[in-house]
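Here is a short briefing on a metal site and on charged side-chain pairs. Look at the structure first, then read the points below.

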Amino acid sequence: MCAADAWEAMEAAAKLDGINLAPSSVGDMFRSIAQQKAGFMQRYQTDEIVNASTRTYNGVKYYLKPKNAPLAAPNDDAKTCSKHMLGVAVDVAGSNGERLEWMFNNVAKFGWSWEVVPDEPWHLRYVAGDNIPEAVTAWLQTK
Ligand SMILES: [Zn+2]
């Protein structure tokens, strides 16, 4: 059982409630190191930007360019890398209004939680590990 099953189970339940849950792009589910690095280099620069949020990558300080959402540095160690690189995170498209309300009321049932609240309402990570949530087991039995 993996995070993908828990995502599909949650997507199916949302659909039954008339809510469409979808990732914001194919790159906002699992990301390879190369994909994470490409995204990181697009959004960050080494030239200082005063008061900008920063990340350290390979010992170098990077500054977030204006109008960009923060992104984890493409470090390859499981402790500091993006949960997307571990295949346990999804960015949900249009995570506001009714859809966000549904997420607040339901994601925990499927083993998901927010990592950066409230700054990143779109970013969910699977936290149940091997303790398969009942709602996911029930969905797997309908497959
Ligand atoms: Zn994310």
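**Zinc site and salt bridges**

The zinc ion is held by three donor residues, His84 (NE2), Asp91 (OD) and His123 (ND1), at 2.0 Å. The model is predicted.

Zinc site
- Along the sequence, the donor residues follow the spacing H-x6-D-x31-H.
- His84 sits in the loop between β3 (60-64) and β4 (89-91), while His123 belongs to strand β6 (residues 123-126), so the pair links distant parts of the chain, 39 residues apart.
- Both His84 and His123 are buried.

- Asp91 and Arg31 are both buried.

Other salt bridges
- The count of salt bridges is four.
- Lys143 and Asp5 form a salt bridge at 3.9 Å, N to O.
- Lys143 is in the segment after α4 (134-142) and Asp5 is in helix α1 (residues 3-16), 138 residues apart.
- Lys143 is exposed, at 65% relative accessible area, whereas Asp5 is buried, at 15%.
- Glu115 and Lys83 form a salt bridge at 3.2 Å, N to O.
- Glu115 is in the loop between β5 (112-114) and β6, and Lys83 is in the loop between β3 and β4, 32 residues apart.
- Glu115 is partly exposed, at 31% relative accessibility, and Lys83 is partly exposed, with a relative accessible area of 21%.

Notes
Residues numbered from 1 in each chain as written. Predicted model: local features only at pLDDT ≥ 70, side-chain atom pairs only at ≥ 80, totals over all residues. Heavy atoms only, no water. Donors = N, O, S within 2.8 Å, 3.2 Å for Na, K, Ca; no water. Helix = DSSP H or I, 4+ residues; strand = E, 2+ residues; numbered from the N terminus. Buried < 20%, exposed > 50% of the residue type's maximum accessible area, 1.4 Å probe, protein only. Salt bridge = Lys/Arg side-chain N within 4 Å of Asp/Glu carboxyl O.
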